[in-house]
Amino acid sequence: MKKYKVYLFDFDGTLFDTSKGLNYVFKEAFKVAGVKVEDKDIPYLSRVPLKESFDALGGDYNKVDEFVKRIEEALDEEPAIKTTLKFPEIDEFLSYIKNNDVLCGIVTSNNVNHVFKILDFFHLDHDYFKTYIGVDKSVEVKPSPKPILMALSELGYKGDLKDVVYVGDSHNDCLAAINAGISYYLIERDEDRDLEFPKIYSLMELFN
C-alpha cells in the first residue's frame with residue numbers, strides 16, 4: 001500500500017470499539033427526547049451527525065437542547081467509558097506509529113475531552129496523535145471537509161493532499177475525505193457493507 005505523509009483517523013468504531021458505550025449514551029439521550037431506541041438503531045445513530053440521528057427517530061424538537069446536553073453528559077459517564085474496547089490490532093498499531101514517527105491525527109464527530117478520557121482509561125499517552133479535532137473545535141461536522149482541513153492546518157501540513165489519508169468507519173467519513181481532496185479508506189470491523197469505497201479490515205493494512 002502507498003505510504004502517506006499524514007494519516008488521519010476517525011475515533012469511534014475505527015480506533016476503539018465504543019459501540020456498547022454509545023448504546024447507553026443514545027438510549028439515555030433519546031429517553032429525554034421521548035423516543036425509545038432499539039439496539040438495532042445504534043450502528044446507524046453512531047455514524048451520522050446528531051441532527052440527522054435526531055431527525056431520523058423523530059425526536060421532539062422542544063427537547064433538542066436537553067437531548068444534546070444528555071448526550072454530552074452520558075458520554076463521560078462510567079457505563080460509556082468502561083464498556084469501551086480496543087480493537088485487536090490497536091496495540092500493534094500504536095506501537096508502529098510511535099516507533100516509526102508516523103504523523104497521525106484524530107478527526108472525530110465526538111468531543112476531544114471524551115477521546116482523552118478513553119485514552120486515559122487505557123493508560124495511553126495523548127501524544128500518539130499530533131492533533132485532535134472534534135465537534136468542540138470545529139463548527140462544521142463530517143461530511144464537511146472543514147474538520148479534516150483544520151487538522152492539516154494544526155499539523156502545519158502544506159504538502160500535496162494526495163499524500164494525506166483519512167480512515168473511518170462511516171459513509172460520512174469517506175465523503176469528508178472526498179470533499180477535502182484527500183485519500184481515504186473505509187475500515188470494516190464486523191460487517192461488509194455494500195458501500196463503494198476502498199476498504200481495509202485492519203489498521204495495519206495501511207503499513208503493509
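Let me start with the residues that bring helices α1 and α4 together: on the α1 side they are Leu 22, Tyr 24, Val 25, Phe 26, Glu 28, Ala 29, Phe 30 and Val 32, and on the α4 side they meet Glu 66, Phe 67, Arg 70, Ile 71, Ala 74 and Leu 75, where contact means heavy atoms within 4.5 Å. By class, this contact of α1 with α4 has 11 nonpolar, no polar and three charged residues; here Ala, Val, Leu, Ile, Met, Phe, Trp, Tyr, Cys and Pro count as nonpolar, Asp, Glu, Lys and Arg as charged, and the others, Gly among them, as polar.

Please keep in mind that this is a predicted model, in which local features need pLDDT of at least 70 and side-chain atom pairs count only at pLDDT 80 or more, while totals for chains, interfaces and linings use all residues. Residues are numbered from 1 along each chain as its sequence is written, and side-chain values use heavy atoms, with hydrogens and water left out.

Now to the geometry of that pair. Helix α1, residues 19-32, packs against helix α4, residues 64-75, at an angle of about 150 degrees, with the axes 8 Å apart; helices (H or I, at least four residues) and strands (E, at least two) are DSSP runs, numbered from the N terminus, and the axes are lines fitted to C-alpha atoms, for helices over the stretch in contact, with angles running from 0 to 180 degrees between N-to-C directions. That angle makes α1 roughly antiparallel to α4, since angles under 35 degrees count as roughly parallel, over 145 as roughly antiparallel, 65 to 115 as roughly perpendicular and the rest as oblique.

Is Ser 53 buried or exposed? At 0% relative accessibility, Ser 53 counts as buried, the cut-offs being under 20% relative accessible area for buried, over 50% for exposed, and partly exposed in between, with a 1.4 Å probe and protein chains only.

Let me move on to the nonpolar cores, each a set of buried Ala, Val, Leu, Ile, Met, Phe, Trp, Tyr and Cys residues joined through side-chain atoms within 4.5 Å. The largest has 32 residues, and those with the most contacts inside it are Tyr 7, Phe 9, Leu 15, Phe 16, Phe 93, Ile 97 and Phe 129. At least two residues of this core come from each of β1 (6-9), α6 (90-99), β4 (104-107), α7 (112-121), β6 (164-168) and β7 (183-187). A second, separate core of 16 residues includes Ile 42, Phe 54, Ala 74 and Ala 80.

Helix α7 also holds Lys 117, which counts as partly exposed at 34% relative accessibility. Beyond its neighbours within four places in sequence, Lys 117 is in contact with Asp 76 and Ile 81, and the C-alpha atoms of Lys 117 and Asp 76, although 41 residues apart along the chain, are separated by 7.6 Å.

Finally, some backbone details in the loops. In the loop between α6 and β4, Asp 101 has a positive phi near 50 degrees, and at 69% relative accessibility Asp 101 counts as exposed. His 123, in the loop between α7 and β5, has a positive phi of about 60 degrees although it is not a glycine. A cis peptide bond, with omega about 20 degrees, joins Lys 142 and Pro 143.
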